[in-house]
Amino acid sequence: MSDNAESNSLRPPSPKPELSRKESLNLLPQASQGGTSVAIPTTAVTLENMDQPEITSNVDDEEEHSMLSPGLRPSMSNVTSQSDRVSIAGSVNETLAEDHSESDETETNHLTEILQNLMAQDIGKARGLGSSSLQNLNFISGGDTEIDDNFIRSRLLPDKSDSSASFSGKLKQVFVLSTAGKPIYSLNGSDDNVMGYMGLITTIVSSYQEIMKSEFHHITQDGFKLVVMNKSPLILVLITKVAYELEMTTDIVSSTIERQLMSVYNYLLSVLSAPVIRRSFERRMNYDLRKVLSNQDIAFLDSMLMKQTYGLSTSANEEIILDSNAYISHMLGSAIRCVRITHTTRCKLNSILLSSRKLSVKDADSDAASVMSKVTNYESKRYLANDLLFGFICINDKVLTSMRPTQHRLRKDDVNLLLAIISLHYGETQQEEGAELWIPLCMPNFNDTGFLYVYVKRFILAGYPEPLSLALLGANKNSFFELKQVGSHIISKILCNKSLKTTLTAELVEMEMAARLVKDLNCTFIKHFIYRQKTENQFFMDDIKHLSTETDNYQNIATHLQVLYFYTSLHNAKSTTIKDDDKEGKRLTYTRWQRKDGWVTGFLLSSKTYDFYCLCGGSVQAQHIIDQSIRIIKWVEKYKKRLFIGEAITF
């Protein structure tokens, strides 16, 4: 969205962003790479009886559509009159003003008072530290090394070479081996590098089982953490020296680091299934599972672990790709990021998905028809979508809409795995429009003993740079041609409906242009935010790339990593409860980080229905943080049907 609210025309669609973004994130004036030190450990409190009232809209679809902010209003032509354009901040402020009540003011004052007390305590402690709080800190390694090209490639990115020095210098190691000690996967190094670890790990695991009658879980010692997950006949091991992973408590280790290992295990199940793995090792204990894993599978595991640990990966030509979405999704427990469009348009897409269930063809086997049916001129029908279980329309790793049976659903882990695998198979090269995929895929949390069969087709909306993907999942391996016809029907219904196509394209383009919501909502102190809806584990966030202004590539990467570190620290903060038996209260978490050029403030407001994270740059008062946070929360709740898909439509 243009900074000038009186602009009379829309921008042309933004070009597709480069894989390696060469800008820097302006939370503050840029500091030297690695110039971050952490303030006093996060303080958190729990507020009682202060649930935020949900704001809902009573307008119907047509009225809702007409009230769109510029970031969501469909454009039926290339020029929109000034009278038709509505300021997003203005419309939101008017809505919030109407809903403002005395209870809201009381809640705001209470939150502000508590935050002021926490900030005062923090400042007092910081003064007592003297200059120690200002020393340089590499928040990834814990040392004072700058985050530059050499650091990223030598300490972070995977390296499969035989070099022992390179292997030992990596901050993260992940191994998969059999219970017999046979190596299956290693994030770094060759067999010569990892064989010694295999024998040691199997000895530790078996000793715990035989002598102590328990499972070895994890150990932290001398600046590293070792976590083991026994999924016999497989053993998964993670060794980390990443500073912010070492700071995690036992509970956080279970919920974060173990989920990284679980992601690796789930991927192996997705391509092989549990029975295949089990039978392979029952026949031969030292079976080499690497025979059935391709180079593409290894590359996928490497990329997934890099995204979950650092929020970055590399392309085929070794260009560094920043991926905050995958990192935040993993941090929030495999939360799904949804595409922001109007509820009216989403409902139309839902209707098209549901209509595909009714597609039928005449039974071609006329001999199978009974004599009675022939006499009565009855023609039996066969439904094309009989084997269809799940359907998704998505843009990269964001979901536009989805469909499922009433009695079944896919867990968010499986959905994220599906989206990642689709991206893997399409690869980085731009395939021609209409390219199709047919992927046998085991959904580990749905049914780890069998396969679903995924039909995928990409299509283009003229005027929107990103391809859309349609994914249809069925249980019949012979249903390719039926699902192909269903997919063609769905895509045709979207592309041939001129009104829907124009509206959807305009909304997607405007969504990209209006991503800087904190500015449009007049929240000048909040530089970035994340809102997570807990009921369906879906999240919405302002796009990090819209904070970029600089051209120094590695300064941009360092700041990108720093932003993700801030959110990780905020998410992992310990919580102090004011009232132990208060199950309805909100939790307020606050922390600060000292950089060379000033402070960054992290704030988390959590209730039983949402988590709101935000980062504020520079010196900011408690009143401003609370006021602007509540303004964004109310805006998100007001337009939640546009921001989240909620429960998938069912049949």
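Rings of Phe, Tyr and Trp (its six-membered ring) count as a pair if their centres lie within 6.5 Å, with planes under 30 degrees apart called stacked, over 60 edge-to-face and the rest tilted. By that rule, the structure holds 22 aromatic pairs. This is a predicted model, where local features need pLDDT of at least 70 and side-chain atom pairs pLDDT 80 or more, while totals for chains, interfaces and linings use all residues. Residues are numbered from 1 along each chain as its sequence is written, and side-chain values use heavy atoms, leaving out hydrogens and water.

One of the pairs is Tyr 244 with Tyr 565, a tilted one at 5.9 Å centre to centre and 45 degrees between the planes. Tyr 244 sits in helix α7 (residues 243-246) and Tyr 565 in helix α18 (residues 553-571), so the pair ties together parts 321 residues apart in sequence; helices here are DSSP runs of H or I, at least four residues, numbered from the N terminus. Tyr 244 is buried, at 7% relative accessible area (buried is under 20%, exposed over 50%, partly exposed in between, with a 1.4 Å probe and protein chains only). Tyr 565 is buried too, at 2%. Phe 480 and Phe 481, by contrast, pair edge-to-face, 5.1 Å centre to centre with 80 degrees between the planes. Phe 480 is partly exposed at 22%, and Phe 481 is exposed at 57%.

Both tyrosines, Tyr 244 and Tyr 565, also belong to one aromatic cluster with Phe 139, Phe 566 and Trp 593.

Charges meet rings as well. The charged end of Arg 458 sits over the ring of Tyr 426, 4.0 Å from its centre (the rule asks for NZ of Lys or CZ of Arg within 6 Å of the ring centre and within 35 degrees of the ring normal).

Definitions and conventions. Helix = DSSP H or I, 4+ residues; strand = E, 2+ residues; numbered from the N terminus.
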